[in-house]
Amino acid sequence: MKELKQEKDPSSPWPGPKGMIPVTSGKADDANVHNRAYLDNILVEMRVIDAVKPDLTTEIFGKKYASPLTLAALSHLNKVLDDKSRKPMQEKAAAAKKMRVLNWIGMETDEEYAEIVAEGAETVRIIKPFADHQKILDEIKFAEDHGAVAVGIDIDHVAGTNGDYDVVDGIPLGPITEEDLRRYVNSTKLPFVAKGVLSVRDALKAWKAGCKAIVVSHHHGRIPFGLPPLKVLPDIEKALQGTNMTIFVDGSLMSGYDAYKALALGADAVLIGRGILPELLDDGEKGVEDKLQKMNEELSQLMLYTGVKDTESFDPSVLHFN
């Protein structure tokens, strides 16, 4: 990866300007350490007799996409590079459109959101749990008016590191109740996503509130000592059987092989964020397309090795925990 020149405030917890992914400790409290260890200890048996080249086509919210790999809800990347002629958020959206995958957008102003979705990618807008609930409702409406496929909220962004409610870019966040979720769900005709589910308890609350999808995630280690999403994923999938809830997952999914493990354990599709971030910032749209193509090839390779013909045919019994 080429070195990225970034303005860095030494007192800031961010590796670059506000909005970048926070630096985590790398120690036992860093949930990402446990993510990686858990993923790397899942081994795969081979089932090649009668195996055929797989079809990666995936249906999400009633729409067909070329792959179950979707581009995660990154935010503020247009403020990161010294080269202000580039707009990585738009480059990411353009790559999603060309590769025919679902795009997600995180915390952006309505004006910036409109500029990004003008690239034409089918998009899910994820909104922060603002203390001002009217701001949430307004952003839901704006996304709906601008053609979003779905909308949702980062339920895992309630807590800050000081034990109080979080503040992002100077905007106070607050608690989200099941009744709040129900109100947001009922405010829109779009499918609503609860992003940041890491327990059967929250998965069931999201379903009871009317959410049509969840993202099993801890938002790149927001919770200290956080459980790996793939560890709790099978229990969540089992608890939601028969509900028609769409289950996404993210968390340290850096390759198509990682994505395979998530899909085999019960995810309908996955979010890829850090897995495409260096390529996006280095090489823009082309970098994302090349990385996504490589990940699709890895996913297809492992599906072919294990006799999985399409994205409806994953079998968790092929996995072994070392």
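In this predicted model, 8 strands close into a barrel, with parallel pairing in the order E4-E5-E6-E7-E10-E11-E12-E13. Strands here are DSSP runs of E with at least two residues, and helices are runs of H or I with at least four, both numbered from the N terminus; two strands pair if DSSP finds at least two bridges between them. On average, neighbouring strands of this sheet are turned by 25° against each other, direction ignored, with axes fitted as lines to C-alpha atoms. Isoleucine 127 stands opposite isoleucine 153 in E7.

Turning to the packing, the largest nonpolar core holds 80 residues, and Phe192, Ile214, Tyr260 and Val270 have the most contacts inside it. Such a core is a set of buried Ala, Val, Leu, Ile, Met, Phe, Trp, Tyr and Cys residues joined through side-chain atoms within 4.5 Å, where buried means under 20% relative accessible area with a 1.4 Å probe, protein chains only. Helix H9 (residues 277-305) gives the most to this core, namely 9 residues. A second, separate core of 17 residues includes Phe61, Trp104, Ala150 and Val193.

Aspartate 202 lies in helix H6 (residues 200-208) and is partly exposed, at 24% relative accessible area. Leaving aside neighbours within four places in sequence, aspartate 202 is in contact (heavy atoms within 4.5 Å) with Ile155 and Val197.

Residues are numbered from 1 along each chain as its sequence is written, and side-chain values use heavy atoms, without hydrogens and water. Local features need pLDDT of at least 70 and side-chain atom pairs count only at pLDDT 80 or more, while totals for chains, interfaces and linings use all residues.

Key: Axes are lines fitted to C-alpha atoms, for helices over the stretch in contact, and angles run from 0 to 180 degrees between N-to-C directions. Buried means under 20% relative accessible area, exposed over 50%, partly exposed in between (1.4 Å probe, protein chains only).
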